[in-house]
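Please look over the sequence and the structure shown here before reading on. The briefing that follows moves from the parts of a chain to single residues, grouped by topic.

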Amino acid sequence: MLAGVAGAPASAYTAYVTNEKDNTVSVIDTVTQKVVKTVPVGRRPRGIVVSKDGKEVYVCTSDDDRIEVLDAKTLESLRTLPSGPDPETFALSNDGKLLFVSNEDDNMVTVIDIAKNASIAEVPVGVEPEGEAISPDGTVLVNTSETTNMATFIDTATWKVVANVLVESRPRIAVFSADGKFLWVSSEVGGKVNVIDVATHQIVKKISFAIPAINADAIQPVGIRLTADGTKAFVALGPANRVAVVDTKTYEVQKYLLVGQRVWQMAFTPDQKQLYTTNGVTNDVSVIDVDSLKVIKSITVGAYPWGVSIAPN
Amino acid sequence: MAPRLLPLVPPDSVPANTAPFGGLTDNRSAWTKRPAINASHQGRMRKFQGMRLVSGTRVLALVCASAWIILPATADRAAAQPASPPAPSASPAAPAQDIHIGYLANRRPAPPIYDYEDDPADVGIAGARIAMKDNATTGRLVGQTYALDESILDKGQSPVDAAKALVDKGAGLIVADLPADELLAVSDALKGRDATILNIGAEDDRLRNADCRANIDHFAPSRQMLTDALAQFLSAQRWRNVFMVVGLDPADTLYAEAMRRSVKKFGLKLTGDKPWTFGPLARQRADGPIRADAFIFTRGVDADMIVVADEAGNFGDFVQYHTAEPKLIGGTQGLTPATWSRVLDAWGSAQLQNRFVRTNKRPMRPLDYQAWTAIRAIGEAATRAHSASAKEIGAYMLRQDFEIAAFKGVPVSLRTWDRQLRQPILLVQPKMLVSLSPQTGFLHPITPLDSLGSDEPESGCKIRSGGNP
């Protein structure tokens, strides 16, 4: 299925899932919803993203201190990028030319020019930098730091820090709304999602979660994905084993979807009809139907799935 | 709403990779060392984003840091944020907020008997220094700097005098690794002053009960928390029969008393309770003549686990594999409840473990972790309170909504009624995390974490948040 892409149906995609503990990437055909290949990569693969042109897959192999570049079709390793130490997550610039990498062990964000295969800037941020998000207009890069507990706003013209916004403990993922006006930040240990006004850097909403019979301490928001139409947010709640569906206008939680254990990161299919979640403890990926808000499938992958990225074939 | 933080813009002149407190490398060479202020205490000041530069060839990185930490902390910041607390001075030598922390401990004596894994000389302080780096990294984003004043006492030196000297110098937050009596003496001496003692070493339950103090926060676990964690695990496993073997040291007696309470609390059964009178066999040849006696000692014991109370490590490891019948061993040896262990790598702890090992060339021990937690709590409170005042930071740490992420999967926080840090307790053996308490199913109206240690209704502590003893 990886060959003969021309003429493939619009809904045929490939999902790439990093498996943190067995050093592999599981490759899933979204039509058959089966793992079609398991690719060995470096040690402790976590963050993963497919290039804008869909030709390359970038994988943070944290314990090897580098980013591996895989050919999206052959899944052969093409080269490695100089990531700085312990790369955990990253974001791709909107033009696909730059990678913004969190170096968890040295409190830096490294900016990598992919074509030049070189680091072009390093920005000192808080302790244990984690999530990266780039604004839709490309002018603002946001980094979250897990021990400093801040979202750091960086001007991409100068690579200078322009603001730090304090949030609850252990912020993980930052995501811009489609219009670029708001930034959503999950706090894993603090149990909240903060919505920050990008222009003023003010927190406009703190979203809490409550699930009957689940202890509050077990509700640990990590992954966040916002629908392109701006109506819904999906929040992965870690050991609560649920994904919360939030109305982005009222900030009310509409529904909790039961998925696998320790649900971590998520990715939409490019048509936004399905959402894939990585479930670390149950070693599987749950597939959520976005329209019906139902979990329709569980796909067994490798050990401790962490990140997921989906691209057209 | 969380406090709005001040923007801070590093100047272009600083190459990012020269930032001296990035955490990757061992930055000790960049620390400013001053002459000991109180030579008799061999005090040392370590500035973690230092000003007060001294002469020397290794301060270049520090100058760079100062330049872009301090300059924005003066005119630019004051102008940008008029509502913020006023900066005391617009001079680079006097940053807006300098959080001054004291570290008070006795120099560790040699072990009474050879121990290949004896405590390293820097146990505790090494964890404090890692937390200082973490705080400094956060501080540079908000215009706060941190200094650690290390006061390590030799035999005969007075911890009370050292503590007073620290407070006189402005270090009103004192991280203390002292035995209970010395801790209480220091507490009494600092009564009425704007000082908080953060106990990282003393596990005595009386410090959380009858002898609790309004100016001591406990970042060390109580023995009761440790033994409750083990007892919960035994209860969850339905291994209800416990045989206790208790050493002759006073600390062993306290551990045993805590374990006996835990046995009752969690519905276990004490099937035997004997003192260990055979000496430190774990530190001697395993084939001594006494061995047969020790073997007979456990004959006929009906127990699922033999719980040893041997804090000095004199015999607990010997008991394992030298029992009449095959028995599990737990307590101070065997399956051990602890705040930290190298075997933990979940909940992001791999990052802290890596930072620690890279800097110190050894695994992080529980005391290192307890020191890290205490100093991180100070840093978190300073950031959120946007204050350098010992009084305000001390009060902020006791707020109901104050919590820190401490790599245990759930937030940890101080119990306001006895000022004990509530936290999950690991159950470990040397190469494996066996379990984590509280165990699933042990419920509590406030938090399952309060199922470990003396809970509020049974607490003998009469202080409450904000009050004085």
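In this predicted model, the domain assignment of chain B gives two parts, with domain 1 covering 97–221 + 340–424 and domain 2 covering 225–338. The centres of these two domains of chain B, taken over C-alpha atoms, are separated by 30 Å. Where they touch, domain 1 of chain B contributes 9 residues to the contact and domain 2 of chain B contributes 8 residues. On the side of domain 1 of chain B that touches domain 2 of chain B, the residues divide into 5 nonpolar, 1 polar and 3 charged.

**Chain B as a whole**

- The secondary structure of chain B comes to 11 helices and 16 strands.
- Chain B has 469 residues, and buried residues make up 52% of them.
- When contacts in chain B are counted between residues at least 6 apart in sequence, 67% of these contacts join residues that are at least 24 apart.

**B:Tyr103, in a strand of chain B**

- B:Tyr103 lies in strand β3 of chain B, which takes in residues 97–106.
- B:Tyr103 counts as buried because it has 29 C-beta neighbours inside 10 Å, and the cut-off for a buried residue is 20 or more.
- Leaving aside neighbours within four places in sequence, B:Tyr103 is in contact with several residues, among them B:Ile125, B:Ala128, B:Leu148 and B:Val175.
- B:Tyr103 and B:Ala162 are 59 residues apart in sequence, while their C-alpha atoms are 9.9 Å apart in space.

**A:Lys255, in a strand of chain A**

- A:Lys255 lies in strand β23 of chain A, which takes in residues 253–258.
- A:Lys255 is partly exposed because 13 other C-beta atoms lie within 10 Å, a count that falls between the cut-off of 12 or fewer for exposed and that of 20 or more for buried.
- Leaving aside neighbours within four places in sequence, A:Lys255 is in contact with A:Val245 and A:Leu293.
- A:Lys255 and A:Asp106 are 149 residues apart along the chain, and their C-alpha atoms are separated by 38 Å.

Methods:
Residues numbered from 1 in each chain as written. Chains lettered and ligands numbered in written order. Predicted model: local features only at pLDDT ≥ 70, side-chain atom pairs only at ≥ 80, totals over all residues. Domains from an automatic or database assignment. Contact = placed C-beta atoms within 7 Å. Nonpolar A, V, L, I, M, F, W, Y, C, P; charged D, E, K, R; others polar. Helix = DSSP H or I, 4+ residues; strand = E, 2+ residues; numbered from the N terminus.
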